[in-house]
Structure formats: structure tokens, C-alpha cells
Amino acid sequence: MEVAIPLPIRHTFTYSIEAAPPPIGTRVRVPFRREERIGWVVGEHSGELVQGIKPVLAVLDDGPSVPPDLIDLCRWISEYYAAPLGIALKAALPSVLSDVSRDYIALTGRVKQEGLRPREKRLFELLELHDNPQPVRTLRKTLGMGSIWPEIRSLSKRQLIMHRTVPPAEPTAKTRRVVRIERHLESLVQREDAFGRAARQREAYELLEASGGGAELAHLIKKEGFSRAVLKGLEDKGLVRLEDEEVHRDPFARKPAPVAEDLVPTNDQQHALDTLVSALGAPPSPFLLQGITGSGKTLVYIELLRAALERGQSAIVLVPEIALTPQTASRFRAHFGDQVAVLHSGLSLGERYDAWRSLRAGDRRIAVGARSALFAPLSNLGVVVVDEEHDGSYKQSESPRYHARDLAIVRAKAHKAVCVLGSATPSMESWNNAQSGKFARLSLPKRVGGAKLPAVQVVDLRVGRSQTENRPVSSSEGGGVLSEALVTAVRSRLRRHEQVILLHNRRGYSSFLQCQECGEVEECTNCSISLTYHRVTHRLLCHHCRYETQAPNVCLRCSSADLSYRGLGTEQVERVTAETFPEARIARMDMDTTSGKWAHQRILDRVEQGDVDILLGTQMIAKGLDFPRVTLVGVVNADLGIHLPDFRASERTFQLLSQVAGRAGRGKLGGEVLIQTALPEHYAIRAAVAHDFESFATRELHEREGPQYPPWLRLVNVILSSPDQALAAKTAEQGVTWLRRWLDARDVGEAGINLVGPAPSPIERLHRRWRWHFLIKSGSPNLLGHVTTALAAGFKLPSGDVRLAIDRDPVALL
Ligand code: ADP
Ligand code: ZN
Ligand code: ZN
């Protein structure tokens with residue numbers, strides 16, 4: 001039978017089995033090279049003639065652990081994104097389902113013999129230092145020798161060492177011991193008979209009756225004071241039975257479910273809802289729900305889900321990870337209670353697996369979560385919602401490089417489920433699809449409750465700069481960071497006990513350290529990226545690979561002490577804000593302040609309770625937050641991402657500004673937005689100021705006509721990386737040459753496919769690897785698919801450490 005193994009290998013494998021082959025989707029343990037691995041049965045035959053077929057070691061599930069529709073979806077991913085099927089399956093399933101075996105070796109106790117080869121000797125001597133069996137992987141790393149399997153085999157043959165394979169860990173379900181009534185005693189007489197003088201047994205039995213027929217063993221013993229003997233006595237009489245019950249470890253379950261607000265939909269909401277509900281079961285196309293910030297998109301989702309549940313259907317709601325706070329989750333839980341499984345990155349593997357099983361079993365019918373919740377194992381799927389569909393976090397940045405929004409459409413289509421893509425600022429792709437009629441467009445053009453979109457005002461930083469240059473920065477109010485207008489606006493909010501959000505989309509204290517003498521900028525040793533200065537720790541940090549080093553006091557090149565801290569980061573904004581408004585309670589929210597599992601939530605809880613006056617942070621604070629007392633949003637510098645060498649730089653700037661502006665004035669108090677920028681004339685900024693999505697979209701689509709970029713055509717970014725700069729470059733050249741030949745042989749001219757590059761990637765070096773890339777462009781998705789598959793299957797990488805990454809429909813080209 002055909003088995004997919006979660007490894008970066010493009011094909012599946014054939015294994016034999018003595019018994020009847022298990023159904024597709026079942027996990028099996030198979031021998032693979034020198035390891036044991038878990039794979040999934042994906043078919044009866046691979047079709048290829050394979051020599052020396054090995055037998056399956058064990059069948060791990062009673063039934064398929066992967067529903068067949070998810071296997072189909074993974075096959076689609078595998079083909080479309082040119083990723084191995086096993087890798088797609090691995091991404092789609094809880095990781096405990098794809099663990100691998102581990103090999104251990106230990107000395108047998110025989111004495112070392114003469115005639116060992118040097119490598120064998122080194123391994124032997126290393127083992128002599130340990131009493132316990134050692135993992136092969138660790139030994140190999142310690143020795144730095146590459147594969148040590150030849151040595152292991154030869155030492156085993158001489159019986160100097162023993163080798164043991166520990167099979168992959170089985171996912172454990174957490175259980176608790178419960179006591180349940182097995183036989184009911186109806187009459188008093190029966191009770192007298194059964195208990196006689198065993199009064200404690202009777203008390204325990206009646207307590208169980210009063211608790212709905214069962215209770216946790218630990219509770220009965222510790223809290224109620226019954227002895228084990230008493231409960232054993234009940235069990236012996238056949239009155240109760242003890243059993244293990246699975247516990248679901250859902251952290252959100254600990255929070256009490258909030259009370260659902262009973263809201264009457266507005267006319268716009270009702271209209272959208274009617275259209276969506278009438279499409280249940282037979283949607284004509286995906287829907288783009290374009291609703292401005294605060295227009296009440298969530299209520300539309302909730303009522304749609306309700307209608308689907310009433311029809312016995314299930315639903316998936318995707319939100320960007322950052323917007324997935326308990327605030328979001330609780331809005332769904334308020335309406336649907338325990339029907340909701342919340343999936344997010346803060347979950348432990350066990351918690352994730354629990355949630356997965358409850359969905360698989362049908363105990364829960366709604367999955368709310370980030371990207372990977374798209375793979376929720378739900379049957380009878382009726383609705384798939386993708387909120388903030390434009391968000392870049394829906395794209396997975398490693399293989400399989402899928403886009404969850406696009407997959408949502410694919411999965412919904414396979415189930416005839418209604419697919420709703422919601423956004424205030426749709427992606428150019430979705431907007432274009434709505435314009436062309438591929439998507440049906442629904443719109444919520446007004447905020448609910450008559451609230452107005454906040455007035456947006458621009459503060460021109462160029463004017464501010466020339467003023468502050470003449471005075472010492474420290475004495476100027478706002479520290480040269482906050483303009484006078486912004487300082488005044490914040491102050492008035494503080495006076496009125498309203499809340500302020502300050503956005504600065506760059507963390508750390510300053511984004512680079514530059515020598516004033518020789519111009520040297522401290523760069524990461526692994527990446528071609530300048531190191532960010534973190535003042536609290538006085539360290540320099542790479543935000544890509546997390547390389548860290550002590551901040552130097554003198555230039556490392558010329559030893560000058562004249563170092564300047566350039567490029568403003570959130571730490572510095574926080575300091576300046578605290579100095580400017582000493583009475584204010586400030587909370588900073590960025591990657592550095594939210595490393596703990598619930599840190600993110602603790603900060604937002606404080607804001608919600610009114611314990612914070614100014615919430616300051618990176619794009620984390622721009623999404624999804626709904627705080628009615630926030631009446632001012634300030635953007636410290638709107639231009640941070642606008643010059644990035646990426647075709648989506650303007651789009652992202654527009655989206656970020658629109659999103660964060662949308663946090664202001666959501667309540668009755670109204671709101672105002674101040675955007676500090678040195679580019680007030682830029683169309684992305686002007687459109688954000690005017691809350692004018694359509695004029696932005698029109699201009700942006702025009703910008704992408706020449707040279708052409710999505711949505712006018714489709715892109716594949718092919719990245720070749722290697723620690724050896726020349727090898728990366730050479731392989732990229734070879735890749736392009738290979739492709740040109742392939743295209744020539746098939747007579748696919750420049751009309752169908754356009755190759756751009758190769759060239760160094762904008763970020764030339766990352767994690768010690770040099771990166772070269774080239775683009776494959778085409779107006780035809782099918783043709784692009786063929787070419788990509790051909791490249792992945794046919795282009796042979798040269799020897800050496802060089803990797804090929806294929807990123808289809810990339811969200812960024814950096
Ligand atoms: P969006 O996601 O579109 O930005 P939300 O769904 O967060 O907007 O809704 C904004 C606010 O409006 C929320 O506090 C929500 O409770 C409230 N709201 C939504 N619909 C209604 C309604 N029909 N009547 C009253 N309040 C509503
Ligand atoms: Zn210097
Ligand atoms: Zn780095």
C-alpha cells in the first residue's frame with residue numbers, strides 16, 4: 001500500500017502488509033532508512049514498481065485518524081504548492097500524530113578491543129563517559145561526524161554496543177478517574193438490603209445520585225472524605241463502576257463564558273446575513289464581506305454560524321493569530337458555549353490534540369483559530385469564515401507554503417460550504433475577484449450605532465524635524481518623537497480619562513547602531529540585517545535569527561566611541577511617552593513584552609478594565625481590538641514599511657493604518673487619529689487618511705500593471721540558499737537555465753511564462769545562508785502549476801549544502 005511519510009521527499013512509499021490493508025487515513029509505523037517513522041496510508045498502490053518492499057511494522061489507529069476529505073485537501077496542497085504529501089499532512093494534523101522514533105545506543109560492558117578504526121574508537125570512548133543509553137542524534141552532534149551508522153553497525157557486530165529503537169510516542173490523552181452509578185436502587189427497601197449498616201456507602205451512593213450519577217474519584221476522597229474502601233465496597237456490590245474519563249485541557253474553558261449580547265442586526269447586517277444564509281448548502285461563489293472597521297462583521301459571522309448549526313452543519317472561523325485573543329474567542333463562546341474549540345499557538349501539544357479530538361468526535365462543531373484551524377477535522381462543514389482575509393499571517397512561511405485564505409476557498413468548495421472572506425481593507429486579489437464577479441460582494445459601509453469613522457489628521461514630520469533641530473532634543477516636549485499636535489491630543493484624553501493607542505511598528509530601542517566616525521553599522525553575524533539595540537538589556541538583537549550580543553561601547557571597526565542610536569523603536573517611544581506624560585499608566589505590547597503564554601491577554605485585560613491610559617505597541621495592537629474608551633490613535637511613524645523592496649509595501653502600509661485607525665472611536669465618545677509621516681503625499685497614506693479603500697485599490701492596481709504583479713498575474717518565488725554564496729548564485733543560474741530549456745522544449749514562449757532573475761534576494765543572507773531567487777510569472781495558474789511541478793521534480797540540485805524553496809503566491813518577496 002501507499003504510505004506518505006512526513007519528510008521533505010517528493011514521493012510516497014510502498015509497503016506491504018499481511019492483514020487486510022487499513023483504510024486510507026490510518027497511521028502506520030514503518031521502517032524508513034535506519035529509523036522507524038509514522039506515515040499515513042494514502043492509497044492502495046503507489047503505481048511504481050518498487051524493489052524490496054518492506055512490511056509495515058504496526059497499524060496505529062483503529063480507524064483513519066485523518067478524515068478522507070483532509071487527505072484530498074492535502075493532496076491539493078501537495079500539487080498546488082509543490083510540497084511533499086507527507087509534509088502537507090504533517091502541517092494539517094496535530095504534531096503528536098507525526099512523532100518519529102528515536103535511536104539509543106549504550107555499551108554492552110565488553111572491554112574495548114584492539115583494531116578499532118579511529119572513528120569507532122571515538123564513538124566508543126564517548127559512550128564510556130555515560131552510564132545511560134545515549135540518543136544517536138546527540139552523539140552524532142557531539143562528535144561532529146555526520147552519519148555514525150557505519151560505526152554503530154560495526155561495533156554492534158562485535159557486540160561492543162547495543163542499539164535500541166524507541167518507537168514514536170503515542171499521543172496521550174489526559175484522563176481522570178470517575179465513579180459512576182452502575183445500578184439504580186429505586187425503592188427504600190432495596191436500599192436497606194443493599195447497604196444494611198454500611199452507612200458511609202449509602203452516603204456516597206446518594207451523593208453520586210445528587211451529583212447527576214457520577215463524580216471524580218479524587219473529589220470524593222479529598223473533598224468529601226470517603227475512603228477508598230467505601231468506594232471499593234460500592235464497586236464490589238455492582239452499584240458503581242470506576243472508569244477513566246478523558247479530560248479536555250482547554251485554557252479558554254477556565255474563563256467563564258461571557259453573556260451573549262442580544263443584538264438586533266442593522267439593515268446592512270441583515271441584508272448580508274440573508275444572502276449568506278440563503279446560500280447555505282449551495283453557495284454560488286465565495287463571498288467578500290467588505291465592512292469598515294466597527295461595522296459589526298462579527299455579528300454577521302455569529303448569526304450565520306447559528307443558522308448553519310441549526311441545519312446540523314459545522315463551521316470554521318479563521319482569524320489572524322494576533323487578533324485571536326480571548327476577547328475574540330469569548331464572543332463566539334458567548335453564543336455557542338462548548339460547541340467552540342479555540343485553536344491557537346499558545347496551546348500545548350496536548351491541548352491542541354484534545355481540541356482536535358473533540359472536533360473529530362463531533363463534540364464541538366465550531367473551530368475558531370489561526371491559519372491551521374483550516375484543517376479542523378469537522379464533518380458536514382457548512383461555513384468557512386476568514387476574518388481579516390488580507391492578513392499576511394495566513395500564509396505559511398515554511399513548506400508547505402500554503403495560503404489559508406485560498407485553501408479556505410478550496411475546502412469550502414469541496415463541501416459546498418459558504419465561504420466568507422471578511423475585511424475592511426481586502427487584499428488586491430480578493431478585491432479584483434469581487435470586481436470580476438468571481439466573488440460575490442457584500443458590504444457593510446457604516447459603523448453600527450451611528451458611530452462615525454474617526455477624523456484622521458496628518459502631522460508632517462518634515463516640518464517637525466526642522467523645528468526640533470534647533471533645540472536640544474531632551475528639552476523639547478515629546479522628545480522629538482511625539483509632535484506637539486500629538487502631545488496636545490494625548491493630554492486632552494488623559495484629562496478626560498479616555499484611552500489612547502500609540503502605534504509604532506518597530507520593536508526594540510533603536511533599529512541600528514551606527515558609528516559616527518566611520519559609518520559602520522553593526523550587522524548580524526548570520527544575516528544581512530542590522531542589529532536592533534535593546535536598551536533594557538543593553539544588547540543587540542537580530543529580529544530574524546535571534547542572534548544576540550552585548551552592545552559595544554566603541555565601534556568594532558575604528559574604536560571610535562561616537563556611536564549613534566538610530567531608527568526609533570517601541571522601547572524608546574515608551575520612554576519618551578513616560579517622560580512626557582509622567583502621570584499616565586502606559587502599557588507596551590510588542591514581541592518583547594508578550595513572550596509569556598498569556599502575557600498578551602494580561603495586557604489587554606488591563607486595558608479593558610481601564611487600568612491603562614496609553615497602550616503602545618507594534619502592529620499587534622492594530623488588529624481586532626474593540627475598546628470603546630479609546631478615543632485617540634496616534635501613529636508615531638507611518639513610513640516604516642513603505643520603502644521595503646516588496647510589491648506589497650504600499651498595500652501593507654494602507655492596511656495597517658486603516659486597521660489601527662479603526663481602533664479609535666468605536667464607542668459613543670467618538671474618536672480621532674493622528675498620523676505622523678514624512679510622506680503625506682503618498683497615495684497609501686492619503687487614502688488611509690480619507691478612509692478611502694476604493695481609491696487606494698484603483699491606484700494600487702494601476703501601480704501593479706507595469707511591471708506586472710498580482711493580481712494581474714500569478715507568481716512563484718524560487719529561493720536557493722546556501723552557506724556558500726557562490727553555490728547559491730550558481731544554483732539559481734542553473735535553475736533558470738533548466739527552466740528555460742524545459743520551456744523551449746515544450747514551446748512555451750515568453751507569452752505564457754516570464755522568468756525574472758536570478759538575483760540576490762532583498763535580504764541577501766538569513767540564518768547563515770546566502771539567498772538567491774528568481775520569479776516565475778504567468779497569467780495562467782494551470783501553466784504556472786505545470787512549470788512549478790516540473791521544476792520541483794526535475795531540477796537536480798548540485799551536491800553541497802544548497803536548498804530550494806518554492807513559494808507559490810508569495811505574500812512577500814523579501
Ligand atoms: P468589525 O469586526 O466589523 O470591526 P465588530 O464586529 O467588532 O466590528 O463590531 C463592533 C462593535 O459593534 C462591537 O462592540 C459589537 O458588539 C457592536 N455591534 C455589532 N453589531 C451590532 C448591532 N447590530 N447593534 C449594536 N451593536 C452592535
Ligand atoms: Zn567606526
Ligand atoms: Zn540574524
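Modeller: Cys527 counts as buried, at 1% relative accessibility. Buried means under 20% relative accessible area, exposed over 50%, and partly exposed in between (1.4 Å probe, protein chains only). The model is predicted: local features need pLDDT of at least 70, side-chain atom pairs count only at pLDDT 80 or more, and totals for chains, interfaces and linings use all residues. Residues are numbered from 1 along each chain as its sequence is written, chains are lettered from A and ligands numbered from 1 in the order in which they are written, and side-chain values use heavy atoms, with hydrogens and water left out.

Colleague: Which residues coordinate the zinc ion (ligand 3)?

Modeller: Donors are N, O and S atoms within 2.8 Å of the metal (3.2 Å for Na, K and Ca); water is not among the atoms, so sites may look incomplete. Here the donors are SG atoms at 2.2 to 2.3 Å. They follow the spacing C-x2-C-x14-C-x2-C. The residues are Cys524, Cys527, Cys542 and Cys545.

Colleague: What geometry does the site of the zinc ion (ligand 3) have?

Modeller: Four donors count as tetrahedral if all angles lie between 85 and 135 degrees. Ideal angles for four tetrahedral donors are 109.5 degrees. This site has angles of 99 to 116 degrees among its four donor atoms, so the geometry is tetrahedral.

Colleague: Is Cys524 buried or exposed?

Modeller: Cys524 has a relative accessibility of 5%. That value makes Cys524 buried.

Colleague: What spacing do the donors of the zinc ion (ligand 2) follow along the chain?

Modeller: The donors are the SG atoms of Cys515, Cys518, Cys555 and Cys558, 2.3 to 2.4 Å from the ion. Their angles of 104 to 113 degrees make a tetrahedral site. The spacing is C-x2-C-x36-C-x2-C.

Colleague: How many residues apart in sequence are the parts that Cys518 and Cys555 tie together?

Modeller: Strands are DSSP runs of E (at least two residues), helices runs of H or I (at least four), numbered from the N terminus. Cys518 sits in the loop between β22 (510-515) and β23 (532-534). Cys555 sits in the loop between β25 (548-550) and β26 (563-568), so the parts are apart in sequence by 37 residues.

Colleague: Which residue has a polar side-chain atom 2.6 Å from an oxygen atom of ligand 1?

Modeller: A polar contact is a pair of N or O atoms within 3.5 Å. Lys297 has a polar side-chain atom 2.9 Å from an oxygen atom of ligand 1. A backbone N or O atom of Val264 lies 2.7 Å from a nitrogen atom of ligand 1. The residue at 2.6 Å is Asp626.

Colleague: How far apart are the closest N and O atoms of Arg202 and Glu206?

Modeller: A salt bridge is a side-chain nitrogen of Lys or Arg within 4 Å of a carboxyl oxygen of Asp or Glu. Arg202 and Glu206 are four residues apart in helix α7 (residues 199-210), about one turn. Their salt bridge has a closest N to O distance of 3.2 Å.

Colleague: How many residues separate Arg441 and Glu694?

Modeller: Arg441 forms a salt bridge with Glu694, with the closest N and O atoms 3.8 Å apart. The pair links distant parts of the chain, strand β19 (residues 440-444) and helix α23 (residues 693-703), and the separation is 253 residues.

Technical notes
Tetrahedral: all angles 85-135°; square planar, octahedral: opposite > 155°, others 65-115°. Polar contact = N/O pair within 3.5 Å; in protein donor to acceptor, adjacent residues only side chain to side chain.
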